[in-house]
Amino acid sequence: MNQTVIVLDFGGQYSQLIARKIRECQVYCEVLPWTARTETILAKKPIGLVFSGGPASVYAEGAPTVEKALLEQGIPVLGICYGCQLMVRLLGGEVKAAQADTAREYGRTQTAFDTETPLFAGLPAEGISWMSHGDYVSRLPDGFAICAKTAHCPNAGVFNKDRRLYGLQFHPEVRHTENGKEMIRRFLADVCGAEGDWVMKDFAARAVEEIRAKVGEEKVLLALSGGVDSSVAAALISRAIGKRLISIYVDHGLMRKNESEEVEAYYSALPLEFHRINAEERFLAGLKGVTDPEKKRRFIGAEFIKVFSEAAETYGPAAYLAQGTIYPDVIESGAAGGHTIKSHHNVGGLPEQIGFQGIVEPLRILFKDEVRALGRELGVPESIVSRQPFPGPGLAVRVIGEVTAEKLKIVREADAVFREVMARRSLAGSADQFFAVLTDMRTVGVMGDERSYQYTVALRAVTTEDFMTADFARIPYEALEEVSRRIVNEVPGVNRVVYDITSKPPSTVEFE
Ligand code: XMP
């Protein structure tokens with residue numbers, strides 16, 4: 001059992017980010033909705049609580065709150081933004097709505113810290129913090145003191161050292177806050193007494209035991225997508241039950257260049273049962289004439305289930321279905337008890353349709369970075385572990401308009417050039433996701449002495465923390481120039497390359 005911190009989610013956009021930062025400090029944490037019962041929270045025996053931000057005002061009718069008793073257990077609390085205001089209010093302090101231009105602050109804000117306070121000890125006394133608030137703490141509860149201030153907000157940080165209660169008006173979890181993660185680390189280590197006992201090596205050993213206990217002598221079926229999650233799940237489950245893991249890779253013919261071959265090479269060598277189903281023709285036939293993005297997605301999703309179910313019948317039966325569900329899926333689908341943001345295809349998809357005795361989801365409590373760390377621990381090759389996210393419908397949503405074998409070839413080659421140049425110039429780490437898109441626009445060009453009328457390839461590269469928002473990556477012009485030149489020279493059918501300079505929102509990462 002690991003030391004546990006509970007993040008109470010008050011509906012803020014950053015709750016997951018807080019949880020990830022805590023995990024990065026090697027401390028296990030879970031996100032619970034603010035509606036969780038006090039007993040449920042205490043039953044987890046938390047060494048610390050973090051109250052997240054949230055969009056409400058503490059005075060609004062029905063505003064999210066918790067029982068005051070939660071603050072009276074002797075458990076350290078870190079309240080962030082709304083969480084800070086709520087704590088202050090519950091303890092008898094006062095929160096006010098900022099009048100325009102007085103205490104209202106958004107964005108990067110110069111902040112002074114009291115470095116005598118445990119949260120800021122050893123850090124610079126001045127720095128930038130990320131603010132986003134309309135209300136502010138106007139009067140401190142008894143026993144509280146100030147530990148951070150800004151020009152407009154005298155109470156940007158408040159604390160009661162004896163009771164181990166801390167409140168920050170700014171967001172330490174956001175990367176724009178200088179040393180924010182260090183502040184979180186200090187809260188965990190120096191206030192909560194966290195020992196940093198959350199490590200992937202122990203997790204792997206425990207997960208293997210749990211899988212064995214659950215599955216017994218039965219067989220497990222896994223749909224392998226070639227992505228990080230299902231690959232690491234496969235490595236973990238095969239370590240637990242070996243050949244009783246039947247893994248099925250549906251090759252829909254919409255993967256990037258050489259990807260299916262890499263997947264097959266790696267998994268054929270593992271101690272598990274591996275089957276590659278070549279279904280390219282089926283998928284291409286069904287996609288003929290389909291131009292609407294949603295129709296493409298729906299067809300591919302449904303066809304995937306059909307092909308997988310057929311294969312499951314051929315190679316089964318298996319008592320259990322394994323899924324590469326990870327923690328963000330669980331939080332976002334509301335399964336952790338939170339509000340539903342979007343229903344994720346991984347949570348509650350296949351089982352009802354195929355009829356299994358149970359589901360095995362060994363990565364259910366892990367964030368993406370942890371899945372990668374676990375993969376490395378299990379010896380999954382770096383080319384798979386560091387693979388960028390790739391949409392389920394594959395290149396079909398990166399070919400605008402009708403998908404054909406010819407267009408897939410173009411986008412595959414263009415994408416391979418882009419990746420190769422980024423890797424060779426050591427730029428792959430400068431974007432969280434980058435790829436080529438084949439637009440359905442053809443334009444006039446001149447090649448040699450001849451007029452050409454060919455396709456335009458769009459390059460997309462983004463930096464992001466969570467893919468909910470993203471910024472376009474500032475790739476050096478020299479690299480873009482090389483990619484452009486090489487694509488036009490090496491990929492037949494393309495005479496123009498453009499770079500997408502929109503962020504999300506208003507755009508999305510993918511084009512369809
Ligand atoms: P968007 O385009 O929504 O993409 O900004 C955000 C992230 O999600 C990925 N993506 C998908 N992943 N199935 C997936 O598993 C899908 O249907 C899908 N569509 C988009 C996208 O690549 C980006 O990382």
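Two strands count as paired where DSSP finds at least two bridges between them. The views below show a predicted model.

**Figure 1. The open sheet of nine strands.** The strands follow the order β2-β1-β3-β4-β11-β10-β9-β6-β7, and their pairing is mixed. At the edges lie β2 (28-33) and β7 (126-133), each of which pairs on one side only. Between neighbouring strands of this sheet, the average turn is 20°, with direction ignored.

**Figure 2. The pairing of β10 with β11.** Strand β10 covers residues 157-160 and strand β11 covers residues 165-168. The two strands run antiparallel and are joined by four bridges. In this view, Asn 160 is found opposite Leu 165 of β11.

**Figure 3. The hairpin of β17 and β18.** Twelve bridges link β17 (residues 433-447) with β18 (residues 450-463) in the antiparallel sense. Arg 442 lies opposite Tyr 455, a residue of β18. Two residues separate the strands of the hairpin, and Gly 448 in the turn has a positive phi of about 65°.

**Figure 4. Further partners of β18.** Strand β20 (residues 494-499) runs parallel to β18, with five bridges joining them. Here Leu 459 faces Tyr 499 of β20 as its opposite residue. Strand β19 (residues 471-472) is antiparallel to β18 and is joined to it by two bridges. In that pairing, Val 462 stands opposite Phe 472 of β19.

**Figure 5. Helix α12 and its surroundings.** Within α12 (residues 368-377), the buried residues are Glu 370, Val 371, Arg 372, Leu 374 and Gly 375. These buried residues pack against four helices: α1 (15-24), α5 (200-215), α6 (228-241) and α13 (382-385).

**Figure 6. The largest nonpolar core.** This core comprises 51 residues, of which Leu 221, Val 457, Leu 459, Ile 475 and Ile 487 touch the most other members. The greatest contribution comes from helix α14 (residues 405-424), which supplies eight residues. Domain 2 (200-385) and domain 3 (404-499) each provide at least three residues to this core. In soluble globular proteins, nonpolar side chains tend to be buried together.

**Figure 7. The contacts of Leu 221.** When neighbours within four places in sequence are set aside, Leu 221 is in contact with Ile 246, Ile 248, Phe 308, Ala 312, Ala 318, Tyr 320, Leu 321, Ala 322 and Phe 356.

Terms used. Residues are numbered from 1 along each chain as its sequence is written. This is a predicted model: local features need pLDDT of at least 70, side-chain atom pairs count only at pLDDT 80 or more; totals for chains, interfaces and linings use all residues. Side-chain values use heavy atoms; hydrogens and water are left out. Axes are lines fitted to C-alpha atoms, for helices over the stretch in contact, and angles run from 0 to 180 degrees between N-to-C directions. Buried means under 20% relative accessible area, exposed over 50%, partly exposed in between (1.4 Å probe, protein chains only). Contact means heavy atoms within 4.5 Å. A nonpolar core is a set of buried Ala, Val, Leu, Ile, Met, Phe, Trp, Tyr and Cys residues joined through side-chain atoms within 4.5 Å. Domain bounds come from an automatic or database domain assignment.
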